[in-house]
Amino acid sequence: MSGFPIRQDPCALDFLSLGALVHRLDPGLVPFRKARVFDVHVSGGEYNVAAGLADCFGLRAGIATAMVNYGIGELVQARVREAGVTPFYKWFEHDGVRGPNIATVYSDRGHGVRPPVVFYNRAHEAGALLKPGDFNWAAIFAAGVRWFHSGGIFAALSATTAELILEGMQAAKHAGAVTSFDLNYRPKLWQSVGGPERAQQVLRRIVSHVDALIGNEEDLQKGLGIPGPEVTHSGVSGPHTLVGQLDPDAFYGMIERVVDQYPGIKLVGTTLREVHSTNRHGWAAVLWLNGERFVSPTCQLDVLDRIGGGDGFASGLSYGLISGRSPEEALRLGWAHGALLTTYHGDVTQATRQEVEALAHGGSARVQR
C-alpha cells in the first residue's frame, strides 16, 4: 500500500480536475512566423492529468471546465469524449465575433539548440470567467470522488478562478477526497497580473488546502516564495526543469521548508530534467511522502515534443497511489509515463498502461514482435 489515505468505498469518479481547456496550434519544427500549416492539440495543464488517467490507465476521470457553444468548442468536446473524460461544463454562448473563446496556445517544437517557443491568446477566455458557484460541488462530490486536482495555470487566469479553486478544494476536503495542486508557474501568465508577488499571494492561499503538491525548484521559489538555490536557465529550459546535475538533495531541502509552512501537505513530487538540447534531456523524478524520500531511475530522453511531460508524471504518480501501489512504484509509473509523453506529438497521452508498466520496470526500446 502507498501509505497515502485514499477513499476505498464505491465512487463515481476516481479523479476530478478543475481547469481551463485550450487548443494548441503546433507548426512542428517550423517557427510560427514561417508556418503555413499546423496541428491542433486539445490541452490544459489540469485536463491533461485527467486525460492520462482515463485514456492510459483506465480510471474514471472528470474535468470541471468552461465550454463555449461554437465550432472550436465542438472540436474540444470531441477530443474530451475520445479521451474518455467525464465533463462537467459551465456553458457560454459565443457572440460570433469576440467570444467568449476557448483560448489558443501557440507552440513550435524547436530543435537542437533552438528552444521551443510558447505564447498565448487568452483574450476574453471563457475559462477565465469561471467563478465560485458555477459548479454544483455538493452534487458532484455526493456521487463520490477519490481525488480532486487543480493547478497554477488555472489560478493565474483571473481573480475568480483562484477563488473557484479554493471553493472546490474546500468541498473536496469536506467530502473526504485527496486534494492536489500542480504549481505550474508560468512567468508569462503571472506577469500580466502582477508577477511573482501576485502569484505568491494567490498560490499560498490555495496550497494551505492541499494534500499533494507538484512543483519544481522554480515553482516553489517564484510561486510560493520558498528560499532555495538559484534557478539556472539555459536557452532550452522551462517548466519542470532543473538544468545541471540531476541531484535531488537541494530539492528535498526546499520540500522541508514547504512542509514547515504548510503542515497539511503529505506529498510533494516533481520531475527533474537536465536539458542538453531541445531534443535530448536527462530525466528523473523525486517523491517526498510523509517524510520518506524516493528517487526514480535516471534516463536519457530523445524528445519529440516536450509539452505535457510534467502532466504525464502527475497522472502516472496519482494512478499508482490510487491503485494502491507502493510509493516507489507510484513514482516509477509517473516517471515512465512522463518520459513516454515526450515521444508523442501533442499534450495528452498516447501510451497504454502496459507500455508504462514495462518502462517503469526496466523495459527497453527494442522492437516488440
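How are α5 and α7 oriented to each other? I took up this question at the start of my work on the structure, which is a predicted model.

**Entry 1: α5 and α7**

I looked up the packing of helix α5, residues 159-175, against helix α7, residues 195-207. I noted an angle of about 15° and axes 9 Å apart. Angles under 35 degrees count as roughly parallel, and α5 and α7 are therefore roughly parallel to each other. I recorded the crossing of α5 past α7 as right-handed. I then listed the residues that make the contact: α5 contributes Ala159, Ala162, Glu163, Ile165, Leu166 and Met169, while α7 contributes Arg198, Val202, Arg205 and Ile206. Sorted by class, this contact of α5 with α7 holds seven nonpolar and three charged residues, with no polar ones.

**Entry 2: the largest nonpolar core**

I turned next to the largest nonpolar core, which has 111 residues. Which of its residues touch the most other members? I found these to be Trp137, Phe181 and Leu213. I followed up Trp137 and set aside residues up to four places away in sequence. Its contacts are then Leu16, Leu18, Ala64, Ala142, Phe148, Leu164, Glu167, Gly168 and Ala171.

**Entry 3: α11 and α12**

I examined helix α11, residues 327-341, together with helix α12, residues 353-360. Their axes come within 8 Å and cross at roughly 115°. The crossing in which α11 passes α12 is right-handed. On the α11 side, I listed Glu329, Arg332, Leu333, Trp335, Ala336, His337, Ala339 and Leu340 as making the contact. On the α12 side, the residues are Glu355, Val356, Glu357, Leu359 and Ala360. I classed the residues of this contact between α11 and α12 as eight nonpolar, one polar and four charged.

**Entry 4: Ala351**

I located Ala351 in the loop between α11 and α12. Is Ala351 buried or exposed? Residues under 20% relative accessible area count as buried; Ala351 has 4% and is therefore buried. I looked up its contacts, leaving aside neighbours within four places in sequence, and found Cys56, His337, Leu340, Tyr344 and Val356. Of these, I noted that His337 and Leu340 also belong to the α11 side of the contact with α12, and Val356 to the α12 side. Finally, I checked the C-alpha atoms of Ala351 and His337, which are separated by 7.6 Å although the residues are 14 residues apart along the chain.

Definitions and conventions. Residues are numbered from 1 along each chain as its sequence is written. This is a predicted model: local features need pLDDT of at least 70, side-chain atom pairs count only at pLDDT 80 or more; totals for chains, interfaces and linings use all residues. Side-chain values use heavy atoms; hydrogens and water are left out. Axes are lines fitted to C-alpha atoms, for helices over the stretch in contact, and angles run from 0 to 180 degrees between N-to-C directions. Helices (H or I, at least four residues) and strands (E, at least two) are DSSP runs, numbered from the N terminus. Angles under 35 degrees count as roughly parallel, over 145 as roughly antiparallel, 65 to 115 as roughly perpendicular and the rest as oblique. A crossing is left-handed if the near helix is turned anticlockwise from the far one by less than a right angle, and right-handed if clockwise. Contact means heavy atoms within 4.5 Å. Ala, Val, Leu, Ile, Met, Phe, Trp, Tyr, Cys and Pro count as nonpolar, Asp, Glu, Lys and Arg as charged, and the others, Gly among them, as polar. A nonpolar core is a set of buried Ala, Val, Leu, Ile, Met, Phe, Trp, Tyr and Cys residues joined through side-chain atoms within 4.5 Å. Buried means under 20% relative accessible area, exposed over 50%, partly exposed in between (1.4 Å probe, protein chains only).
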